[in-house]
Amino acid sequence: MRVRRWMWAGALAAGVGVSAGGALACEPLDEAIVAVVPAAGALVAPDAMVLIFASGSALDPEIDLIGPDGLAVAVEIERRYQAAQYGFVREVRPQAPLAPGAYTLRVDYDEASGKEDVESGFEVDEAHVWDLEASAPDLEWYRERYVEPTGNSCEWGAAYQRLRFEAEPGAVAYRVSLERGRDVVQQVYRAEEADAWHGFVMENVGCVRVAALRGDGTYDGFSELCKPEKCVAYDPAPTQFDVTNWDEVEGCEEEGPDQGDADRDDAGVSGDGGLPGDAGWEVEESGGEASDQVRGGCGGCSAGGPGSTPGSVALVLSMLAVLRAPGGRRRGLKASVHRR
């Protein structure tokens, strides 16, 4: 028996933009699976976290986790859109710990979709111990600001964020939380995406947190920055994002037209507040308001534009979730590390 639970924390809509050179429509492609966790052939414990990473616009495939007896395991499936990427993550949650043996994760698409089915296998060993040496990755955060929205038909906004977090041995994924006032949006990055810069268009980001996840989805602590290490403001705005030579930027003393977030200082959450999805956070679902819409890059779109990576899209993503953050004392620029 399989139980499905689709979590729609926000609505997904494709946008059509107009560039300076004329109209260029960006339309989303149907979903494409990027990776699965556990990885093919992995040895895991009975409480393994099972994730399916996808780009594009979600379809409705049949998803089964087949156990050692050849029967489908009873699972719940939660789908969450990602705030700063064009895509989503499905979490496949077994209703009981997995028994020892070989498992196969199957994603079967309708024939009319033209998509190839995906299958991946892993092994469960009840004696397996999750190995993670540290779970508070070093975090870097740069930001470009613009006196008015800039970009092209695939990306458009007034603030461009750049993040990079350090790879941690044993991590199977990384959870990044972006605090925007009293709201927090989050996304999950694959292990392979550590040690690389990730850029996205999003305004009013006040704090960034990152944790490295073990194979069961837990972590010991998180790193946090509540002011970019480097930032630049442009007036007039350039025609595309990510034009800064960051080696020539010293800090954020001269951030520019709006002088940072007017409603914040260099704020941080101290103590053991945790990350969205943990027991310490009150979770609410929201469809989002127009003022809260965020735009992200896209790995699966039909058109590109000046300054965008091939296949990026103009997206309007409402908040994936609205999460109340606990109050705390204020911290400075250096990334703080919170241990559990």
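Me: Accessible areas come from the Shrake-Rupley method with a 1.4 Å probe. What share of the accessible surface of the protein belongs to carbon and sulfur atoms?
Reply: Keep in mind that this is a predicted model. Its accessible surface comes to about 15,100 Å². The part that belongs to carbon and sulfur atoms is 47%.

Me: How many helices and how many strands are there in the protein?
Reply: The chain has 340 residues, and 51% of them count as buried. Among contacts with a separation of 6 or more, 73% are between residues 24 or more positions apart. As for the elements, the count is 0 helices and 24 strands.

Me: How many residues has the largest nonpolar core?
Reply: Leu-163, Phe-165, Tyr-174, Val-176, Leu-178, Met-202 and Val-208 have the most contacts inside this core. Strands E12, E13, E14, E15 and E17 each supply at least two of its residues. The size of the core is 21 residues.

Me: How many residues are in the second, separate core?
Reply: This core includes Val-36, Tyr-103, Leu-105 and Phe-122. Its size is 20 residues.

Me: Are the rings of Tyr-103 and Phe-122 stacked or edge-to-face?
Reply: A search of the whole structure finds 9 aromatic pairs. In this one, the ring centres are 5.8 Å apart and the planes meet at 10°. Planes under 30 degrees apart meet the cut-off. The pair is therefore stacked.

Me: Is Tyr-103 buried or exposed?
Reply: Its relative accessible area is 4%. The cut-off for buried is under 20%. Phe-122 also has a relative accessible area of 4% and is buried. Tyr-103, at 4%, is therefore buried.

Me: What is the angle between the planes of Phe-165 and Tyr-174?
Reply: Phe-165 is buried, with a relative accessible area of 1%. Tyr-174 counts as buried at 1%. Their rings sit 5.0 Å centre to centre in a tilted pair, and the angle between the planes is 35°.

Me: In E11, which residue is the bridge partner of Tyr-103?
Reply: E10 and E11 run antiparallel and are joined by 7 bridges. One of the residues in E10 is Tyr-103. Its bridge partner in E11 is Phe-122.

Me: In E11, which residue is the bridge partner of Val-44?
Reply: Strand E5 (residues 43-44) and E11 run parallel. The two are joined by 2 bridges. The partner of Val-44 is Val-124.

Me: Which strands stand at the edges of the open sheet?
Reply: This sheet has 4 strands in the order E16-E13-E12-E19, with mixed pairing. Each edge strand has a single partner, so one side is left without a neighbour in the sheet. The edge strands are E16 (198-201) and E19 (230-234).

Me: Which residue in E16 stands opposite Arg-162?
Reply: E13 and E16 pair in the antiparallel sense. Opposite Arg-162 stands Gly-199.

Me: Which residues do ring pairs link with Tyr-146 into a cluster?
Reply: Here, ring pairs link several residues into a cluster. Besides Tyr-146, the members are Tyr-160, Tyr-234 and Phe-241.

Technical notes:
Residues are numbered from 1 along each chain as its sequence is written. This is a predicted model: local features need pLDDT of at least 70, side-chain atom pairs count only at pLDDT 80 or more; totals for chains, interfaces and linings use all residues. Side-chain values use heavy atoms; hydrogens and water are left out. A nonpolar core is a set of buried Ala, Val, Leu, Ile, Met, Phe, Trp, Tyr and Cys residues joined through side-chain atoms within 4.5 Å. Buried means under 20% relative accessible area, exposed over 50%, partly exposed in between (1.4 Å probe, protein chains only). Rings of Phe, Tyr and Trp (its six-membered ring) pair if their centres lie within 6.5 Å; planes under 30 degrees apart count as stacked, over 60 as edge-to-face and the rest as tilted. Two strands pair if DSSP finds at least two bridges between them. Contact means heavy atoms within 4.5 Å.
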